[in-house]
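I opened this model to look up a few residues and helices. My notes follow the display.

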Amino acid sequence: MERHLCGEGDIIFWELMVERVITGIPGFDEILSGGIPKRNVVLLSGGPGTGKSIFGYQYLYNGLRRGEPGILVALEEHPVAVRIAMSQFGWDVSEYEEEGRFAIVDAFTAGIGEAAKRERYVVRAPDDFQMLIDVLRTAIREVKAERVVVDSVTTLYITKPVMARGMVLQLKRVLSGLGCTSILVSQVSVTERGFGGPGVEHAVDGIVRLDLDEIRGELKRSLIVWKMRGTAHSMRRHPFEITDKGIIVKAAEVLKEVREIERE
Ligand SMILES: Nc1ncnc2c1ncn2[C@@H]1O[C@H](COP(=O)(O)OP(=O)(O)O)[C@@H](O)[C@H]1O
Ligand SMILES: [Mg+2]
């Protein structure tokens with residue numbers, strides 16, 4: 001009789017075989033058994049101020065340091081503001097941009113303003129999703145990007161929610177097809193328990209949720225990996241901190257307290 005089931009040892013072996021992208025975010029790779037499986041498209045969801053953009057910047061900058069080129073699609077902030085925000089954590093991307101190993105796809109300015117004229121990858125009509133896909137595809141090829149962060153996908157479909165699933169699926173085809181391991185930032189409201197809507201949540205390979213909860217008069221940060229195709233991961237809610245060096249996840253700690261909002 002053939003053996004269809006594999007033993008525990010085989011599973012551990014398979015886990016080791018999965019090609020992974022090391023985020024370099026302290027504590028985060030640990031709770032993912034080593035990193036994000038290559039080509040996964042991960043929804044990074046959370047309310048305002050939970051650290052989504054910082055997480056994305058840190059993921060990209062750590063890639064650059066490891067020789068993995070990256071792209072940030074800026075839909076929420078001016079590219080100049082993004083560079084400034086990154087430099088505040090000591091993540092200076094100018095050298096990598098000059099070498100053509102990092103790029104910001106400007107889907108914010110529509111090419112308007114003096115500073116925008118200096119941008120290399122500009123989506124002239126930010127409402128035109130096909131144009132964004134075309135600019136992104138060109139940027140990925142030229143930069144040979146291995147990591148992509150879209151901040152945020154919510155901006156793409158907030159006024160046309162029925163388009164959300166189709167947009168995310170098309171992004172996934174392009175990103176994964178070109179070999180990138182990607183983070184799609186998803187904005188949810190402070191009280192919302194989900195990750196950005198059913199269409200989007202089911203379309204992605206992974207979901208990580210960042211939270212900020214008031215517990216006994218104090219705001220506490222935590223994150224949870226809800227889903228990650230291709231790997232085992234922690235099922236616990238881990239506290240994390242934002243410092244002037246970026247995010248630090250406490251992989252050995254669990255946030256157990258009941259949330260204030262749920263207790264009311
Ligand atoms: N140097 C820093 N040290 C500690 N916390 C910081 C620092 N810079 C920013 N923050 C925190 O990060 C938050 C913003 O994170 P951000 O990634 O922009 O949030 P999001 O994109 O989820 O809205 C701020 O509200 C602040 O609490
Ligand atoms: Mg943000």
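**Leu43 and its surroundings**

I looked up Leu43 and found 24 C-beta neighbours inside 10 Å, so Leu43 counts as buried. The rule I used calls a residue buried if 20 or more other C-beta atoms lie within 10 Å of its own, exposed if 12 or fewer, and partly exposed in between, with C-beta atoms placed from the backbone. I note that this is a predicted model, in which local features need pLDDT of at least 70, side-chain atom pairs count only at pLDDT 80 or more, and totals for chains, interfaces and linings use all residues. Residues are numbered from 1 along each chain as its sequence is written, while chains are lettered from A and ligands numbered from 1 in the order in which they are written.

Leu43 lies in strand 3, residues 41-46. Helices (H or I, at least four residues) and strands (E, at least two) are DSSP runs, numbered from the N terminus. Leaving aside neighbours within four places in sequence, I found Leu43 in contact with several residues, including Leu184, Phe195, Val200, Val204 and Ile207. Contact here requires the C-beta atoms of two residues, placed from the backbone, to lie within 7 Å. I also checked Thr23, which is 20 residues from Leu43 in sequence and 15 Å away in space, C-alpha to C-alpha.

Next I went to Leu75, in the loop between strand 4 and helix 4. Leu75 has 20 other C-beta atoms within 10 Å and is therefore buried. Not counting residues up to four places away in sequence, Leu75 touches Ala107, Phe108, Asp151, Ser152, Thr155 and Leu156. Two of these, Asp151 and Ser152, are joined by a cis peptide bond, with omega near 0°. Ser152 is in the loop between strand 7 (147-151) and helix 8 (154-157).

**Helix 4**

Which residues of helix 4 are buried? In this helix, residues 79-87, I listed Pro79, Val82 and Met86. Seen down the axis, the buried residues of helix 4 fall within an arc of 50°, so they line one face of the helix; the arc is that of the directions from the helix axis to the C-beta atoms. Their cover includes helix 3 (52-65), strand 4 (70-74) and strand 5 (102-106).

**Helices 7 and 9**

I then compared the axes of helix 7 (residues 129-143) and helix 9 (residues 164-177), which come within 11 Å and cross at roughly 15°. That makes helix 7 roughly parallel to helix 9. Axes are lines fitted to C-alpha atoms, for helices over the stretch in contact, and angles run from 0 to 180 degrees between N-to-C directions. Angles under 35 degrees count as roughly parallel, over 145 as roughly antiparallel, 65 to 115 as roughly perpendicular and the rest as oblique.

On the helix 7 side, Phe129, Ile133, Leu136 and Arg137 meet Met167, Gln170 and Val174 of helix 9. I sorted the residues of this contact into five nonpolar, one polar and one charged. Ala, Val, Leu, Ile, Met, Phe, Trp, Tyr, Cys and Pro count as nonpolar, Asp, Glu, Lys and Arg as charged, and the others, Gly among them, as polar.

**Positive phi**

Last, I looked at Ala110, a residue other than glycine with a positive phi, near 60°. Ala110 is in the loop between strand 5 and helix 6 (114-117) and is partly exposed, with 14 other C-beta atoms within 10 Å.
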